[in-house]
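Colleague: Hey, I'm new to this one. Can you walk me through it?

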Amino acid sequence: SRERRSAPCTAAQAVNHVMPPRFSTVIVRFMVFVCLFGAGSFVVGGPAQAGEQAPSAHEPSGMMVHIPVPLAPLVKVYETVHHDLSVRRANAKDWVALGGGTGFLTYRLWPGTQDFSVEGDHLRAQAVLPFGVEYAKRGDGTLTKLAACGVESPTIGAGRLAVTMLTRLGLGRGYQLVPATSVMSVEPKGSCLLQDHAVDATPLMVQVYRSELQQALPAADQKAMQAVSLKPAMTQVWRELQEPLLVDEANALWLIVQPVAVAPAGVQPASPSLTAAYAVASRPTVVRGARPSVPLRVLPELSETPMPDGFHVIFDAAVPLEEANQRLRDAIVGQEWSLGVGMVRIDDAKLYPIGDQAGVEVMLRGLLPLTVVLKGTPEYDEGTGQIVFKRFDYTIKERTGVTDFAEVYLHDTLRDLLGQRVTVPIREELNATRRAVEQGLNRRLKGGRLRGTVEQVALKKLAFHPAGLSASFTIDGELHYDVDGTATAQ
């Protein structure tokens, strides 16, 4: 059976002390709803049989996926940039024209020190590079070398440059990183004095190297983009998010995330590294019963449509009318209490819908042999965490002189009193549900960890209909999937 039964309410839970007559109807009504909502007989989300696809009737909600950016492949690309430029200049015939075209310069870079670090959402590369320079002039159509420094050894006469590059990382189509590197600074760190001229070639080298380095970086960025792909990790996440998650084993409650779209959300700092964030739109639902079967869909192309904020789940609960009536009778029939001069006993009770309102017919015997019919519209008051009743009223079926007198002189007073007093606190039950769902949302998965917070569980709608009682609950919070670093190691 999909219904979860609990022990019926006892007399001590309902009435355990003497009540004055005007409170008798209040207590009867309170017992009705405490037993209905405390009995745990909800059928959540309708049937979910093995092999049946889960429904997706609610508005999309959002979650975030965080994929660690593998820095090693990027560092490997950018740490070779200076070496590649040096190799290009190894041929002495490859000269750089200076000024009006009569002066020429060629250089050699010696191996230096390089350091890479994460700065905000950027990759920062700093290098100190020893260099040597040869200077020549053109005359009679040929180049004549005039001076040099540091070309024979990095320790004899070589100058030094301090170079800083910053790589901004974006997310492009095809689940790829899109790096864009720029030269932040090229500064002199040590002089390179041309032999026999005592002229420092470092200022010239700063200008030449900055220009050539900036020209070389687009090719390095393209190479870095090809070195890293985030699609395998995202494909694994997409597959796992389609699997039903058992969030409450005792009650066989399954959360089906049902992802429907993915959009890039940028590269974000995540000390000590960076993560690629993807926003995922989903249509989550909760079902109860056997593990539902959900067909797997392939990872879609990235969407340009903004994704929803926050993770929201709406799930429906139902209490069949026969079940509600039986629980009502089990809970209150036979209860009695003293009014000081005699006893009042509940002999029978019946719950039935009146449009979208609830009607409860309670037959009292003993000192007050009356049949009281209660009617009201149940609503949830978020501020107080209680079920309250709007447009609340009551009638007494029997017509006697005593009841007629009460109707004429006490009806409004008693009605207002009932309207104020007939409330059912359910905040604790909703908080317990919040804790259970939050525990279910925080778990290890194959490729990482699901991390969720439930900010609120609220009862949004109550309705009576010929089949019984139905209610809609909402869960509002956040959901994240943190992918393991090993999933993106390349």
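This is a predicted model: local features need pLDDT of at least 70, side-chain atom pairs count only at pLDDT 80 or more; totals for chains, interfaces and linings use all residues.

Colleague: Okay, how many residues does the largest nonpolar core have?

Modeller: That core has 108 residues. A nonpolar core here is a set of buried Ala, Val, Leu, Ile, Met, Phe, Trp, Tyr and Cys residues joined through side-chain atoms within 4.5 Å. Buried means under 20% relative accessible area, exposed over 50%, and partly exposed in between (1.4 Å probe, protein chains only).

Colleague: Which residues have the most contacts inside it?

Modeller: Those are L74, Y209, M234 and Y278. M234, for one, touches V65, I67, Y175, V262, Y278, V280 and L299, leaving aside residues up to four places away in sequence. Contact means heavy atoms within 4.5 Å.

Colleague: L74 came up. What about helix α3, is that mostly covered or open?

Modeller: Mostly covered: six of the eight residues in α3 (residues 71–78) are buried. They are L71, P73, L74, V75, V77 and Y78.

Colleague: Switching to α9, which residues are buried there?

Modeller: L430, V437, G440 and L441. They sit on the same side of α9, because they cover an arc of only 95° around the axis, taking the directions from the helix axis to the C-beta atoms. The face turned away from that buried side carries the exposed residues E428 and Q439.

Colleague: How far apart are the end C-alpha atoms of α9?

Modeller: They are 21 Å apart, which agrees with the 21 Å that its 15 residues (427–441) should span at 1.5 Å a residue. The expected span is 1.5 Å times one less than the number of residues.

Colleague: New topic: how many salt bridges does a search of the whole structure find?

Modeller: Six. A salt bridge is a side-chain nitrogen of Lys or Arg within 4 Å of a carboxyl oxygen of Asp or Glu. One of them joins D482 and R451, with the closest N and O atoms 2.7 Å apart. D482 lies in strand β27 and R451 in strand β26 (residues 448–465), so this pair ties together parts that are 31 residues apart in sequence.

Colleague: What does R444 pair with?

Modeller: R444 forms a salt bridge with D484, at 2.9 Å between the closest N and O atoms. R444 is in strand β25 (residues 443–445) and D484 in the segment after β27 (468–483), so parts 40 residues apart in sequence are tied together. D484 is partly exposed, at 23% relative accessible area.

Colleague: Last one: is H122 buried or exposed?

Modeller: H122 counts as buried, because its relative accessibility is 18%. H122 is found in strand β7 (residues 122–139), and its side chain makes a polar contact of 3.2 Å with that of D121. A polar contact is a pair of N or O atoms within 3.5 Å; within protein, one must be able to donate a hydrogen and the other to accept it, and residues adjacent in sequence count only if both atoms are side-chain atoms.

How values were computed
Residues are numbered from 1 along each chain as its sequence is written. Side-chain values use heavy atoms; hydrogens and water are left out. Helices (H or I, at least four residues) and strands (E, at least two) are DSSP runs, numbered from the N terminus.
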